Amino acid sequence: MLRYSRLLALFFRTELQYELEYRANLLLEIVQTVVIIATSIGAVLVLFTYTDVMNGWDLGAMLVLLGCFYLVQGFGELVLSPSFEKFMEHVRLGTLDYALLKPVSAQFLVTLRHFRVVQLAQIGLGAVVVAVGLGRITAVGPLEAVGFALALACGFVLIYALLLALSTLAFWFVRIENLMAIYWSFLDAGRFPVDIYPGWLRVTLSTAVPIGVAVTVPAQAIAGRLDFGGLVLLVVGTVLAFVASASFWRLGLRSYTGASA
Amino acid sequence: MIRTYRALLVATVQAAAQYRVQSVLWMLFSVIRPVIFLAAWVAVANAQGGRVGGYDVRDFAGYYVALSLVSQLTMAWDAYEFEFEVRMGRLAPKLLRPLHPIHYAVAWNIVWKLTTIIPLLVVLALVTVSFDVRFRTTPAHVALFVPSVLIGAALAFVSGWVLASVAFWTTRVHAVSSLWDRGAFIFAGQIAPLALLPGPLQVIALALPFGYMLGVPAEILRGGVDVPTGLTLIGGQILWLSFFLIAFQRVWRAGVRQFSAVGA
């Protein structure tokens with residue numbers, strides 16, 4: 001465990017050094033992130049000029065939710081999407097062998113290897129938006145805080161499991177950028193609470209593409225709207241999703257053959 | 001020119017036929033965002049007793065179904081593509097061909113939009129039924145919609161190329177075009193029908209080009225504006241299109257002159 005966290009820190013450091021080589025680009029991307037989040041808040045404010053509450057969510061709760069959206073999305077873009085993109089490239093080029101031969105878990109090395117450090121800005125700003133939203137909600141007890149942390153961690157793991165399962169398909173189909181596009185197109189739906197969507201979309205966002213759950217449940221938890229049963233259900237579902245995607249990954253790995261020879 | 005285009009279109013149709021799955025998946029992008037904001041406005045309307053401004057739930061549905069169709073028909077992604085070609089050194093050989101590179105992009109856009117429209121219509125039919133959509137469209141609106149959506153598509157396409165031409169100087173346009181996209185997010189009628197943007201935002205939206213690519217044709221298609229207003233809005237579209245056409249000629253000429261190839 002210690003070894004893995006040391007490795008993770010090492011990966012992070014090297015990627016940070018790499019990104020610091022492109023300082024102007026770094027600055028531009030941060031500005032971009034600020035604009036994206038500001039315009040998203042603008043969209044929520046426009047909706048709330050016409051109402052005080054949307055399906056039971058007031059402005060404070062909605063801002064917390066939007067912050068969670070950027071926390072989850074930021075986590076995906078910080079480590080998951082760069083790592084999974086590299087992974088698909090490795091499968092296509094047959095260079096995955098190098099990762100498989102190293103004396104650590106292949107799943108760890110493939111899925112958490114690359115970082116886009118600038119995305120920490122998105123996570124940081126997401127946290128700020130959560131804090132601003134919380135300022136409008138009275139009294140967050142320790143119980144809510146723990147529930148929030150737990151739900152958010154589950155959200156991260158759910159997204160991880162989804163992307164792992166999707167990219168495992170690369171072992172059979174090689175070119176799967178299109179499938180990843182499904183994730184990207186549904187991701188946008190996370191900006192609103194999953195309970196406002198019509199049936200088919202709500203079901204999709206809670207099961208097959210669990211972005212809705214990953215964002216909505218943490219926001220519910222901190223606003224004190226989540227009961228204990230809901231949290232347990234989330235944790236159990238997350239563990240199941242993780243185990244299922246990891247075994248799917250191992251199944252896929254078995255059918256991998258180096259393409260270089 | 002007609003013969004050139006016939007050949008180009010045939011070649012492009014054949015090339016596009018290789019990407020059938022992709023076309024279905026990319027359609028998701030045209031559908032998901034309108035459905036998201038439709039759901040949000042339905043939630044707002046329900047909290048306000050079923051009405052917001054001049055829109056009830058079925059009007060919102062009509063607007064966003066129209067918006068989804070218009071967005072598929074007008075949106076162009078050439079700026080991202082163009083940057084890639086400049087950076088990879090693929091533009092240089094294209095500049096040497098007797099035909100301006102923009103014609104290849106025109107052909108590609110036409111074919112792409114026409115082939116992706118069929119799966120989109122199927123999905124929109126489902127949305128139409130499940131939201132019990134109301135259209136106030138009259139034959140006059142249809143007559144206005146045809147030029148409006150064509151101008152909207154031309155506007156999105158040409159402004160995209162002006163934006164892309166920035167790559168002649170900077171090689172990268174990703175930051176610029178992503179800021180542009182955010183402008184479109186707020187002002188094009190995606191987060192709200194233009195009529196529902198609060199005071200100053202609405203004035204800005206009508207002054208900027210974004211709404212004339214999406215919101216205006218969509219509002220005309222659902223029959224949300226009367227005919228004189230529709231004609232005025234189309235006038236605004238024509239103004240912005242002429243502006244971008246002139247800008248494109250200028251920027252392109254200057255850009256090509258100082259372009260120096262990257263790559264091999």
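## Close-ups of a two-chain model

**Figure 1. Where chain B meets chain A.** The contact is built from 28 residues of chain B and 27 residues of chain A. Here, two residues touch if their C-beta atoms, placed from the backbone, lie within 7 Å. On the side of chain B that touches chain A, helix 2 (20-47) and helix 9 (174-187) of chain B each supply at least two residues. Helix 2 of chain B gives the most, with 15 residues. Sort the residues on this side of chain B by class and you get 22 nonpolar, 4 polar and 2 charged. In this sorting, Ala, Val, Leu, Ile, Met, Phe, Trp, Tyr, Cys and Pro are nonpolar, Asp, Glu, Lys and Arg are charged, and the others, Gly among them, are polar.

A word on reading these views: this is a predicted model, in which local features need pLDDT of at least 70 and side-chain atom pairs count only at pLDDT 80 or more, while totals for chains, interfaces and linings use all residues. Residues are numbered from 1 along each chain as its sequence is written, and chains are lettered from A and ligands numbered from 1 in the order in which they are written.

**Figure 2. Chain B on its own.** Chain B has 12 helices and 2 strands; helices (H or I, at least four residues) and strands (E, at least two) are DSSP runs, numbered from the N terminus. Starting at the N terminus, its elements go α-α-β-β-α-α-α-α-α-α-α-α-α-α. The radius of gyration of chain B is 19 Å, close to the 18 Å that the globule rule gives for 264 residues, so chain B is as compact as a globular protein of that length. That radius is taken over C-alpha atoms, and the globule rule is 2.2 Å times the number of residues to the power 0.38. The C-alpha trace of chain B spans about 65 × 40 × 30 Å along its principal axes. How many of the 264 residues of chain B count as buried? The share is 44%, where buried asks for 20 or more other C-beta atoms within 10 Å of a residue's own, exposed for 12 or fewer, and partly exposed is in between, with C-beta atoms placed from the backbone.

**Figure 3. Helix 3 and helix 7 of chain B.** Helix 3 (residues 57-74) and helix 7 (residues 139-165) of chain B pack at an angle of about 50 degrees, and their axes are 8 Å apart. Axes are lines fitted to C-alpha atoms, for helices over the stretch in contact, and angles run from 0 to 180 degrees between N-to-C directions. So helix 3 and helix 7 of chain B are oblique to each other; angles under 35 degrees count as roughly parallel, over 145 as roughly antiparallel, 65 to 115 as roughly perpendicular and the rest as oblique. From helix 3 of chain B come B:Val70, B:Leu73 and B:Thr74, which meet B:Val149, B:Gly152, B:Ala153 and B:Ala156 of helix 7 of chain B. By class, the residues of this contact of helix 3 with helix 7 of chain B are 5 nonpolar, 2 polar and no charged.

**Figure 4. Helix 3 of chain B again, now with helix 6.** Helix 3 of chain B and helix 6 (residues 101-130) of chain B pack at an angle of about 170 degrees, with axes 10 Å apart. That makes helix 3 of chain B roughly antiparallel to helix 6 of chain B. On the helix 3 side of this contact in chain B, look for residues including B:Val65, B:Leu69 and B:Leu73. Their partners in helix 6 of chain B include B:Ile117, B:Leu120 and B:Leu124. The contact of helix 3 with helix 6 of chain B has 7 nonpolar, 4 polar and 1 charged residues.

**Figure 5. A:Leu78 and its surroundings.** A:Leu78 sits in helix 3 (residues 59-93) of chain A. Is A:Leu78 buried or exposed? A:Leu78 counts as buried, because it has 22 C-beta neighbours inside 10 Å. Leaving out residues up to four places away in sequence, A:Leu78 touches A:Phe115, A:Arg116, A:Gln119, A:Leu120 and A:Ile123.

**Figure 6. Two residues with a positive phi.** Most residues other than glycine have a negative phi. A:Asn55 is not a glycine, yet has a positive phi of about 50 degrees. A:Asn55 lies in the loop between strand 1 (53-54) and strand 2 (57-58) of chain A, and counts as partly exposed, with 18 C-beta neighbours inside 10 Å. B:Asp132, also not a glycine, has a positive phi of about 55 degrees. Look for B:Asp132 in the loop between helix 6 and helix 7 of chain B; with 10 C-beta neighbours inside 10 Å, B:Asp132 counts as exposed.
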